[in-house]
Amino acid sequence: MTGSGGWETALVKAKRFVSKLTLEEKSWMATGQPGPCVGNVLPIPRLNFSGLCLQNGPQCVQQGDYSSVFVSGVSAAASWDRQLLYDRGNAMAKEHKAKGSHVILGPIGGPLGRSPYDSRTWEGFAVDPYLTGVCMEETINGMQDAGVQANAKHFIANEQETQRNPSYAPDANETTYIQDSVSANIDDRTLHEIYMWPFANAVRAKVASAMCSYNRVNGSHSCQNSYLLNHLLKGELGFQGYVMSDWGATHSGVASVESGMDMSMPGGFTLYGEEWTEGSFLGKNLTSAVKNGTVEVSRLNDMIVRIMTPYFWLGQEKNYPSVDASVGPLNVDSAPDTWLYDWKFTGETNRDVRANHSAMIREHGASSTVLLKNERNALPLRKPRNIVIAGNDAGPLTQGPNLQANFEYGHLAGSSGSGSCRFTYLSTPLDAINTRARKDGSLVQFYLNNTLLATEALTSPLWIPQQPDVCLVFLKSFAAEGEDRTSLDLDWNGNAVAEAVANHCNNTVVITNSGGVNVMPFADHPNVTAILAQHYAGEESGNAIADVLYGDVNPSGKLPYVIAYNESDYNAPLTTAVETNGTWDWQSWFDEELEVGYRYFDAHNISVRYEFGFGLSYTTFDLKNLKAKDSTPANLTALPAKRA
Ligand code: BGC
């Protein structure tokens, strides 16, 4: 590490800091401890170092009461708007900083979405390395300009949740694998051109840290894969920051350290199967390894210098806000009764960090909405007199502010897992449209029960006494960390609801709130006049969609993935249901090589319903005499900045 590319002064400070540390302090700085944040590096009071607080996540402060819920990654990507991505990252980081987080566990450069069944693509951006790379760059710039370290995760080829971690035998100390985690087996060109590009751009944006992933790559765990970490990330890409493990993705001490991992998280506790067991591969084990000569002290120094350089570069040693005590009890990774260190809290608790971000979130929600179909001038709405709102996605949350499951009733504007958020309020389509309708004097009838909608309700004489001017159908699909999707259909019988409403209402507009791809058989129904994909749009979701429906905002979002006609049209299925029981039987062969996302459809000339980049607006364009200018910089190089 040389600090090249702008970190030179910070590197000097980091080296000075590290020179004052004892061997034990260095070993403990390389590992986490249970504490108030999702990841915690212990304070060293004698050096005025108050520790590091690492927090999820990519859409909000996961443990933040009185904090905002921004649009999700996939929504932001659908805007194709650099400024939006920067502003979102910047505002989110300001909230993190005010709550005391030093490191945000995001943004997400992978999963990229090799398969649409991967359930975390909404946390990330687009099924395209270049677009995802731009999203990474702008988000990182936004976050780090606010003084918070960003973390590019999950490095690399983390393209499925199924068997992302090993399964363990239930023996006394649960250290024996029944089966190891899935191995993404991938050729070098594909690794570089598809999966590594977003991380390359993250490194170029000077991302402070990277997170090695749960899966194995070509047979070795990502966090002890020297080719990935030492050669590609730190070597080829010239990454100057530190590599932290995903939570429980460390499977060795010396091997991981020698392979380029610099910090083990959550550290003090190690994940075996479903259990967190006390102990770390690093910590005192690392002290012993250095003492007995297995690990050179220069490597340990390099680890801590890498951790501390971005800290000094961002000025985090100066007047950084303390950790808000209120995050601790909301932390599911290490509950207060597991804390070993006596954490001290200063400053206000339950800080309200939202500022005026809701106005921006509303704009972002509208700017990232993708208009897929608009026939017979269905949209924008022109003061319709008689409106039907249908679907279980239209109304208020019925299972609390922190979405943790595929709940039936309620609007889906975020999802669960480490990327989940706590809503302080949620603008729902039902609220927002009712508010508009009241101004217009419209009649609004709403039907939120999908089962009823798909079956008897529509044939009952109570249904729609007269033909409505428009039926707005809100449907959703849930995707979240830990379990891949099994279907690309809308949940809760959504396709049938869309068809049933369209059978009775000749101006049916379908709005989807999903983490990614839905196949949309109802798109062919002649009464489905318009379709909008809004994804997970954050706390202002309802107002944002009303702004688009009523034409206050002209839709400009474009799909960051392909919507095919059939589920079976997609390639690269996930590796599931391995029926043999060998330790290393979970092998996922990335045989499609470069044919990821639209590249596959193009290569095989497969027609799609809505292509990558598709999105309508209310304006018609007439472009003539277009000229393109080659603006490739003259000094373009594939190499990172020279290291001194
Ligand atoms: C996820 C990471 C997350 C970490 C900490 C892991 O399970 O894969 O994305 O940052 O947990 O919550």
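**Entry 1: starting point**

I note for myself that this is a predicted model.

**Entry 2: the sheet that begins with E1**

I looked up the strand order here and found an open sheet of six strands, E1-E2-E3-E4-E8-E11, with mixed pairing. Which strands stand at the edges? They are E1, residues 39–41, and E11, residues 242–245. Each of these has a single partner strand, so one side of each is left without a neighbour in the sheet.

Next I zoomed in on E1 and its pairing with E2, residues 52–55, which is antiparallel and runs over three bridges. One position I marked is Val41, which stands opposite Leu52 in E2.

I then asked what lies across E2, E4 and E11. It is helix H11, residues 297–313, and its direction makes an angle of about 110° with E11. E4, for my own reference, spans 149–155.

**Entry 3: the sheet that begins with E14**

I found another open sheet of six strands, ordered E14-E19-E18-E17-E15-E16, and its pairing is mixed. At its edges I see E14 (370–374) and E16 (443–447), each of which pairs on one side only.

E14 pairs with E19, residues 528–533, in the antiparallel sense, and I count four bridges between them. Within that pairing, Leu371 has Leu532 in E19 as its bridge partner.

Two helices went into my notes for this sheet. H13, residues 429–440, lies across E15 (386–390), E16 and E17 (470–477), at about 165° to E16. H16, residues 541–549, lies across E17, E18 (508–514) and E19, at about 145° to E18.

**Entry 4: the largest pocket**

How much volume does the largest pocket have? I get about 830 Å³. Its lining takes in 27 residues, and those nearest the centre are Ala200, Arg204, Ala638, Leu639 and Pro640. The elements giving two or more residues to this lining are helix H5 (129–145) and helix H7 (197–204). H7 supplies the largest share, with five residues.

I also sorted the pocket lining by class, which gave 15 nonpolar, seven polar and five charged residues.

**Entry 5: the cavities**

I searched the whole structure for cavities of 30 Å³ or more and came away with six. The largest cavity holds about 190 Å³ of space. It is lined by 22 residues, and closest to its centre I find Gly113, Pro116, Val127, Val517 and Tyr561. Sorted by class, the lining of the largest cavity comes out as 14 nonpolar, seven polar and one charged.

**Entry 6: salt bridges**

How many salt bridges are there? My tally is 27, with a side-chain nitrogen of Lys or Arg within 4 Å of a carboxyl oxygen of Asp or Glu as the rule. I picked one of them to follow up: Lys13 and Glu317, whose side chains meet at 3.9 Å, N to O.

Notes:
Residues numbered from 1 in each chain as written. Predicted model: local features only at pLDDT ≥ 70, side-chain atom pairs only at ≥ 80, totals over all residues. Heavy atoms only, no water. Pairing = 2+ DSSP bridges. Contact = heavy atoms within 4.5 Å. Axes fitted to C-alpha atoms, helices over the stretch in contact; angles between N-to-C directions. 1 Å grid on protein atoms, 1.4 Å probe; cavity = no way out; pocket = protein on both sides within 12 Å on 5 of 7 lines; lining within 4 Å. Points joined across faces, edges and corners; volume = space filled by probe spheres on them. Nonpolar A, V, L, I, M, F, W, Y, C, P; charged D, E, K, R; others polar.
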